[in-house]
Structures are given as C-alpha cells and as structure tokens.
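Take the exercises one step at a time.

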Amino acid sequence: MNEWGKAMYVTPGVIVDGQTVTNDLVDINLGIRILLGSSFYEDWEDKEIFVKNDPLGNPVDHRHPWNQTTTPKPQKRNFEGNYTWVMSPRWFDKRTGDYLALDTGGGPIARLWATALAGIVDIGYIKATGNSVKIYLPKTMMMPEVEFEWKIPKWSNALERNRARTYFQAYAAAAALHFAEKAMEDLHAGRTKTWSDFKVPENAIGCGFHEAVRGVLSHHVVIRDGKIANYHPYPPTPWNASPRDSYGTPGPYEDAVQNTPIFEENGPDKFKGIDIMRAVRSFDPCLPCGVHMYTGDGKLLEVRHASMFGAHA
C-alpha cells in the first residue's frame, strides 16, 4: 500500500507546520480517528470492535472508520454543545499524542504541497523538486510552450488556496497529456484489457485512498460472510467542515475564520459576512458530502432502477 501510494501522480502525505510527517499510506490510514464532541451522534465506545489488527498486524483504534458505528441522535442545535451533523475526523500524531484537525485546503494546495515536499513525481511534464512543482505544457496550435512553477508558500490562507487551484489546472492538463500518451502506447502494444475478474472474499477488510476535487477521499470497508458488515467513506468536506471535537479543537472552517478582521462596511441589518464567506469558500465547500439523513426504522423512500443502456434499449 505504501509503494502503491508513492507511485501515484499526486504523492500522499500528512503535512504539519509546512513539513512532511509521513508519506506512508499505511500510517496515514491507521492514524485516522473519528471524534464526536459537537456532533448529533451517539458514541460507539461500548459498541462492537470490527477490526483489532490490520493484515500487517498493526493495531486498529476503536475510533478508526473500520470500527465506527453511526447512530444518529437528533437534537436541537446548541452552539455551546452539539450543533452539526458533521463528525470530526482527526489524525493521531504519534510523535506528540495530538489529534490533528487536518484540512485539504480545498484540494489543490494540499496536493501540490505534499507532492512538492516528497520530490518523487517526475513524468516529464511535471516534476516535484522538494520545494516546488514544475509544470511543462508543450506548444499547441494556438499557444507557445510554457513552464509554470508552484512554490511552497509561507502561509496557507484563502489567497494561497485559490492560487494553488489555478496552478493545479495546469498540473491536471499536463498529467492528462501524459496519461493520453501512455494510453496510446498501451493501445499500439495491444494491451487493451481494462478490467479484471474479482470475487468478493468471505471475510476481509479494505480501504481505498483517492483524490476527489476537494482533496482526499477514503473508503473503509469490513466484509463478513461475503457481505458488507461495516462501511464508512470520508470525503474532504468532513475534514474541512468538522466542528469542535471532544478535545475542544475547532475544525478548519472555524479555525480559518476565528480572529478574521471584518472589513465589510454594511451595518448589522445588511451584514453579508463576505469576509467570513471568502475564507470558507476558499475550501470549496460541499456540505452534502458531510451531512447525514435519518428516516427512522428502515423507511423506504424510493426505489429506482436505471438500465445501463438507457430506458428504451
């Protein structure tokens, strides 16, 4: 898993105070803790432990998504207590014993930062240098060749999150060109297989780490008797939009707006909150990814079947 992660075109990593803590996906996965604190859910401390050790023998914490039990506890919003349906994903730093409220920065800044520091990616069109990422785009019919260099910034703030988003457009274009060239090589070599047979195991655990638009997306599944016994996905927004956890640590949105100077000149009756919104929107929020719905005792809402060939095939 570690080797697979480092072979990716965006290097995985946990960055704290501008420096890499780890690029190992095994460590990144095992460090995830799901805390509550200010969320509308019951705790699962006394619930079943699905996974005690991973296939490598590493202990798996009760707060890891593999062991999470989601039991909604609807209640009135109370900003002195519980006030959101979003949980509080944290990453346990073994060096300090801290539960870190990591953020994805909306995606691009985290991708570029981790990739730059690792200095692993080098595909011709993209090169990580250890303190920057260089991006080369060749000449086209309309544009000359061009080179960009994203350098690790001094701060992570709204301006830098948005600046990284622009650079990552070039990064994505350069990577897409590389992928297209590799695909043509495989096609010309006769390597056209696009999938493999897969049999669901009787008992297993699994996880997958990917990059969604807004940052890391992880899936965590436990299989028993050939069926899903426990499953929890963690897209970027629960990390970014998480509330204060059980240790009182605010999530990234809250932390980003605390002590923000208010320059808006509208009075209280016409207050728009533009200074606050500017900071939060730089994370590219997608709150449907962090919201859950509870309908009661297995109430069926709707059943749909969509043919893969269309309704009239």
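How many aromatic pairs does the count come to? The model is predicted, so local features need pLDDT of at least 70 and side-chain atom pairs count only at pLDDT 80 or more, while totals for chains, interfaces and linings use all residues. Residues are numbered from 1 along each chain as its sequence is written, and side-chain values use heavy atoms, leaving out hydrogens and water.

**Exercise 1.** Count the pairs and classify Tyr41 with Trp85.

*Solution.* Start with the rule: rings of Phe, Tyr and Trp (its six-membered ring) pair if their centres lie within 6.5 Å; planes under 30 degrees apart are stacked, over 60 edge-to-face, and the rest tilted. This rule gives 9 aromatic pairs. Next, Tyr41 and Trp85 are 5.6 Å apart centre to centre with 75° between the planes, an edge-to-face pair. Both residues lie in the loop between β3 (32–35) and β4 (88–93), so the pair ties together parts 44 residues apart in sequence. (Strands are DSSP runs of E, at least two residues; helices are runs of H or I, at least four; both are numbered from the N terminus.)

**Exercise 2.** Is Tyr41 buried or exposed?

*Solution.* Buried means under 20% relative accessible area, exposed over 50%, and partly exposed in between (1.4 Å probe, protein chains only). Tyr41 has 5%, so Tyr41 is buried. Trp85, at 24%, is partly exposed.

**Exercise 3.** Classify the pair of Tyr99 and Tyr247.

*Solution.* Tyr99 is in strand β5 (residues 98–100) and Tyr247 in the loop between α5 (236–240) and α6 (252–257), 148 residues apart.
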